Amino acid sequence: MSKPLFTTQQIFSLKPKTLQKRIDGYYEDTRDVNSTIQYLIALQVRDELGDEGFSFFMKDLVQKLLLQTKTSRILRRYYFYFKDYFSSNEWKVVSIRLFSIKNYLSEKIEKLRDQFIKEPLANLAGS
């Protein structure tokens, strides 16, 4: 398992310019959308708790993640926290993109398939 990009203390103490540089570099190196969006959520918490002005922090990256990358459970879980980063028309596109019926069904089918493959195998092993 790789080392996290930031410690909890760093998320709440580093200057915005340093955070932006590290997050940009991390995303460019890893293309890890899920971790990147979680770091950005943590910075929204920092914005709510402090007065440093993290509103719309890294807006371009957020828009890229939500509009151009492969959808994931993490994006669907946290997308709502970034609603203010988009115009109303853009927001409709984000919502439709993240919650298309095709994505929803394929995720549910994957869960069912895993359940039916793993449980019978576990039952056989216990016999």
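## Phe57, a residue in a loop

Phe57 lies in the loop between α3 and α4, where helices (H or I, at least four residues) and strands (E, at least two) are DSSP runs numbered from the N terminus. Phe57 counts as buried because its relative accessible area is 10%, and buried means under 20% relative accessible area, exposed over 50%, and partly exposed in between (1.4 Å probe, protein chains only).

Leaving aside neighbours within four places in sequence, Phe57 is in contact with Pro16, Leu19, Gln20, Leu40, Leu43, Val62 and Tyr85, contact meaning heavy atoms within 4.5 Å. Gln20 is 37 residues away from Phe57 along the chain, yet their C-alpha atoms are separated by 8.2 Å.

## How the model is to be read

This is a predicted model, in which local features need pLDDT of at least 70 and side-chain atom pairs count only at pLDDT 80 or more, while totals for chains, interfaces and linings use all residues. Residues are numbered from 1 along each chain as its sequence is written, and side-chain values use heavy atoms, with hydrogens and water left out.

The protein chain has 7 helices and 0 strands, and of its 127 residues 32% count as buried. Among contacts between residues at least 6 apart in sequence, 58% join residues at least 24 apart.

In soluble globular proteins, nonpolar side chains tend to be buried together. Not counting residues up to four places away in sequence, Phe86 touches Val62, Gln63, Leu66, Leu67, Trp91 and Val94.

## Gln44 in helix α3

Gln44 belongs to helix α3, and this residue counts as buried because its relative accessibility is 17%. Beyond residues up to four places away in sequence, Gln44 touches Tyr81, Phe82 and Tyr85.
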